[in-house]
Amino acid sequence: MSQIREGALVLSDGATFEGELIGAEVDVTSGEVVFNTVLSGYQEVITDPSYAGQIINFTYPHIGNYGVSNADVEARRPFCRGIVVRDLARRRSNWRSEGDLESYLMAEGIPGIAGIDTRRLTRHVRENGAMPAAFGSASLDLLVEAAASEPGTEGVDLVSSVTTPQIYEVGQGNFRVVAYDLGIKKSIVDQLSEIATVFVVPAHTSSEEVLELGPHGVFLSNGPGDPMMAGQVVTAIGALLGKVPVFGICLGHQILSLALGGKSYKMKFGHHGGNVPVQNLDTGKIEITSQNHNFAIESGSVPGVTETHVCLNDETLEGLRCNEIPAFSVQYHPEASPGPHDSRYLFQQFADLMTSFHGSIS
Amino acid sequence: MPRRDDIESILIIGSGPIVIGQACEFDYSGTQACRVLKEEGYRVILANSNPATIMTDPEFADATYIEPLEADVLTAIIDRERPDAILPTLGGQTALNLAIELVESGVLDEYGVEMIGASGDAIATAEDRDLFRQAMEEIGLKCAQSGIAHTMDEALGVVEEIGLPVIIRPAYILGGKGTAFAHTTAEFERVAALGLDASPISEILIEKSIKGWKEFELEVMRDHADNCVVICSIENVDAMGVHTGDSITVAPAQTLSDVEYQEMRNAAFACIRRVGVETGGSNVQFAVNPDTGEQIVIEMNPRVSRSSALASKATGFPIAKIAARLAVGYRLDEITNDITKKTPASFEPTIDYVVTKIPRWAFEKLPGASGILGPQMQSVGEAMSIGRTFPESLQKGIRSLEQGRMGLNADPGEGQYQQEADTDLLTSIAVPTAERLFQIGELMRRGVPVDQIHRACDIDDWFLDQMLMIVEERLHLETATLSSLTRMEWRRAKQLGFSDGQLAYLLKEKEANVRLRRLEEGVVTTFKTVDTCAAEFDALTPYHYSTYEDEDEIRPGVRPRMMILGSGPNRIGQGIEFDYCCVHASFALEEAGYETIMVNCNPETVSTDYDTSDRLYFEPLTLEDVLNIIDAEDPVGVIVSLGGQTPLKLASELPPELVCGTAPESIDLAEDRERWNSLCAQLEIPQPPGGTAVTFEEAARICERIGFPALVRPSYVLGGRAMTIVYDLQELEEAMKELTAFAGLGREGGLSADRPVLIDRFLEDAIEVDVDSIRDQTGEFVLGGILEHVEEAGVHSGDSACAIPPPNLSQDTQDVIVEYARQLAERLEVVGLLNVQFAVKQGQVFVIEANPRASRTVPFVAKATGVQLAKVAARVMAGETLEELRELGALPEPIREGHVAVKEAVLPFQRFPDVDTVLGPEMRSTGEVMGIDKTFGLAFAKSQIAAGEGLPTGGTIFFSLADRDKEQGLEAAKGFVALGFVLAATAGTAEFLNSNGVHVETVVAKLSEEGREISAGVDAVELIGAGQVKLVINTPRGRGPRSDGYRIRFASTAHKVPCLTTVAAARAAAVGLEEWMSNPLTVRPLQEFLGLGSSAE
């Protein structure tokens, strides 16, 4: 057995958890701690850029069972600040596996802490809200200090740290889609590239630059943190609305909403999981959705839209469609990865919207 | 309105008796359905032949028919009740098959009854292997390469095409009955023949074997708006090749990446949609190639199943309850999640713990069974355990089984493997058996690498590595001492699921000292909550499991708390009857104003429904685990006498002031042979002469004194474990040897060498009688019922049919019996239930034994008389008096007239064709049915039909009687002939019958020891095999596998010809048939029999 590295996790309100450090070696790491309830898909979660600035607490106790695979990576690298698990698998077992999670964390520089009563942590966050935290091998005093000085995610620009530095092109579809990378997941690019030639552009790309690419549609990706911090994108989208069909997911949904005049707010602990029931208000049907957001758009705050989706757990607004212009968005993740595939029809809906706006494309 | 208002009354079909593959999970699902539909305001009509169920309690339905589950009986019920709809998806395969029969015979159409929850087409598509395979191919899902055959020729054709090895699955069967592998052509021909025979439509599916693939199952629900959700994923620890019911299974799936899991989820939804299950729950089974990830669909059940009970308990999502609501029109999003009370049921539960299910087998009770696990289910029960991690969950699961093992080895039981060489153990683990887990643990202890073990047994590396963590910890603990262990070490050991008993073994200390030291170190149990959502939302339902973490979630109680200890996994001798009693205690104590706490580890039961008690602890029933809950809950009392031996064994070690009802000393007094004898002597109650012995010599001396035949049994066991009747010294020696061997293995916690063997004179031809009664603390005694057994003393009471009221006992005899029971209750200072067994020989009453606890017959007595003994007993144990309960209306006068109720045992011989079917003192039945009608004959006939044996109404009856049975058999033979039956018999029996004026048409040839005929003519086996015999009456004379009788019984099992092995049963059958054939079938609801004002229209 390898040497155990003892460590502790401290929350900004002083709650302390003892555990064993795993993954990359650090004295202190800090971030906003959130919990995710997926039973499988830890690698997709860890590599989802929306977790930038956050420490992910996995509620399922066994993490790492089936190893890691390149195919399950959602971004060029993980952006989360660390992971908290109850038990990290020593031995992985799956034909797809190309390595073990611990080595992956080390290679990617992601620290983790194991042996934690993750249910206690989850209940704490549920009761008190997502909050800054720190863990590592440093003394408790230092950890307390780090947690206290950690800004969390509200009012922080995290998008600029995750967005692509350069434009790149993917897919060979008939449509041309410009996708704002606010922290875009690879599986979204994959889904889009099935219907379009996708130009993934940096978050700071202006509306003029977008239009120069001659898009049939513009896509607004998921991404980390507070939508209010993405003012530049909001402005750009404002200028594009009505000119091209727009589809937004997660942070992209919030940005579209802000551009339309809606209001965002920070949720107590957000939605992070793969089992959230969302009702499609057009059809009445239930979609089990993959979600990952701490901010949301106030229902009723967005003018000129029809609210199309609602979360059945807490009635959070989950999707909307503009009444007069070709634009729609959802708060959840239709690309799944991880999570159910119930909502993938939305990509087709985007294609249909582009078709009806432009006429058929050949 | 989502609720359907166009239907008013719904007929629910139950699953009948507990049999292997169909156990009390269907009482759980049926009870939930009845409850929900009544709540919704429908008139609920229930048909179920099993009196030991909660669902057949008269208050759970508007009209409860405890009648045989046969199409003609259901037709009669439909005719009487005219239900608007029939719900067949909650009563297992039995209900589904019956529904199909009712559709096909046109009965549903004729009466305008709508099938809800499933359609005939959907059932056919899911159940017919060929249709199912075609359907799956249509939607692009792969099934195993396979072919269908209806004859041996077709079967051989299929196997030529797909090649060996193959698996053979008969169509329309439950629990994989008749399913088997074949590796050679010879083997193939044998199992194909058995399979064709097992299938009611003579159809088998022959599939290319995928042994070694990983096996998964998804529990899926769908509503009429086509919303689909997965409730739970389950992964089998055992690879493909072992029936899921016999596999150790884990929830959630552990070794699937999300990509694979979502592929499987999509496939499951495609499957349920294609099959056409419009509303309700289904399970879809998959096999996954571990090397390529290739997924294939194995099968789907278009109904609530054993796995859905497990999934419900594993996640807190009540599948059956929701399925019932969906069937009457609701959508998933219109139903609230019970646990959170604010989120809807249209979500997918997520969990933050690991659930392990481990089956429990009864091979020790079935000599002749191979003990090898395969595609046909053989287990009789299961335990489920919850831990934060797999190692913790696994070890808790093992100790939940109560088979003398404390966890994954590290206990005295591990000694049995230590003599075996590595190579032998590696060979052993290639064959799945109940021992495999422990053999693997032993190999790991010796340092055999996981890879090598994996190659031998196909169990996934991840599971093996998790087991290795336990073994490594054990090796570490072995080097430690009680005082050397640090808090962190204690915690780590407990987090890996080590019981204090294992730690005591490893540290060579007493368990009590380990507990004390551990608590001093501050390593105390924390209880977490099963909440469907991994703590994302606040859970309002206190459903808990123990673990060793930082935070405990138990909330303080409001009212005084009473704890009820359940009966653990089902086993032969301790099954649903005891769960019934525990559930009743919970209901009664809640009525009495207590907050009730249920402790149990059996996922199939009603007791482990979080709705049953105020609080539920899904925990092993060991002293350590129970004490932990007592520490956490601080109850005012603990009920130990309603869950069978499981809780009773703990009674003397619990804080005495907490044990409710009869004191543990009295329990000991009734069990301690010497003290019991002197007690009976003082009361002048006659007993058969007897004594106690530890060695053969002592036993021989006793038999010298009391004479043969003698009944030999160990003390402190239920279900006649290892009980035998010996006729001479040689048999006595064998019996003693066997008992010593059992004790040495440390099986069945209650059996050990320091508890002596009881030896009694066996009273031949005596009538056996059971009495269930209650005494309160003021000394008032009430009789529940006197049950007269049909089979004579010597057949275990659990395997014997019995009747209320007693058909053959005079009033004087009954008075004597009641008076003896009253005196015993008084002398034992019983507070609560007392069961006394008597033998009546030539009018004289002998007491056999007294048990101050719930007996197996309590639910039957309640159904037959209307007095809910278990409820009364629970309140009496909690301190109320019978007088008080009478005033509250909780103790009505028993109904003793107007009807007769007969309970019949249901035996598992069809599953174990090599096991002799002769009834004896060792109990082997898995379940029971009840027949109720105006007379004993009619009730007995119904009980036989309900038990599945049926009674013929014409044709040939084959007789083969032991000499001592000939006189009595004559009477039965006369009866049959008078009814128009033709007789066949063995030479001796024929001669006797002929000389007494009963004509025997066919005399069969005698068989030699090797089974060859040694006289001319057709032999009995051929006659039975040719389908010419409708009923076999064969009472044993010689015993053992070489006897003629054994072959005859074997043949009747193989060809499903009913076989009676006692002359008493033959006589009862003759009486029953006479009345059955001369009376039209009538059905009446229990509410009418019990004067509860049936609301039949």
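Two strands are taken as paired if DSSP finds at least two bridges between them. In the predicted model, chain B holds an open sheet of five strands with parallel pairing, in the order β3-β2-β1-β4-β5. The edge strands of this sheet are β3 (63-65) and β5 (114-115) of chain B, each of which pairs on one side only. Strand β1 (residues 9-13) of chain B runs parallel to strand β4 (residues 85-87) of chain B, and three bridges join the two. Across this pairing, Leu11(B) is placed opposite Ile86(B) of β4(B).

Chain A is divided by the domain assignment into domain 1 (6-149) and domain 2 (159-358). The centres of domain 1 of chain A and domain 2 of chain A, taken over C-alpha atoms, are separated by 27 Å. The contact involves 23 residues from domain 1 of chain A and 24 residues from domain 2 of chain A. On the side of domain 1 of chain A that touches domain 2 of chain A, at least two residues are supplied by each of β3 (29-36), α1 (42-46) and α3 (118-128) of chain A. The largest share of that side, three residues, is contributed by β3(A). Its composition by class is twelve nonpolar, seven polar and four charged residues.

The largest nonpolar core of the model comprises 464 residues, and those with the most contacts inside it are Ala179(A), Ile639(B) and Leu983(B). Because domain 1 (6-149) and domain 2 (159-358) of chain A both give residues to this core, it lies between them. Not counting residues up to four places away in sequence, Ala179(A) touches Ile184(A), Val189(A), Leu192(A), Val198(A), Phe199(A), Val200(A), Val201(A), Phe219(A) and Ser221(A). Another core, of 19 residues, lies apart from the largest one and includes Ala149(B), Ala171(B), Leu194(B) and Ala198(B). In soluble globular proteins, nonpolar side chains tend to be buried together.

Between the chains, 42 residues of chain A are in contact with 43 residues of chain B. On the side of chain B that touches chain A, α9 (258-275) and α16 (461-478) of chain B each supply at least two residues. The largest share of this side, six residues, comes from α9(B). By class, the side of chain B that touches chain A has 16 nonpolar, twelve polar and 15 charged residues.

How values were computed: Residues numbered from 1 in each chain as written. Chains lettered and ligands numbered in written order. Predicted model: local features only at pLDDT ≥ 70, side-chain atom pairs only at ≥ 80, totals over all residues. Domains from an automatic or database assignment. Contact = placed C-beta atoms within 7 Å. Helix = DSSP H or I, 4+ residues; strand = E, 2+ residues; numbered from the N terminus. Nonpolar A, V, L, I, M, F, W, Y, C, P; charged D, E, K, R; others polar. Core = buried A, V, L, I, M, F, W, Y, C linked by C-beta atoms within 7 Å. Buried ≥ 20, exposed ≤ 12 C-beta atoms within 10 Å, placed from the backbone.
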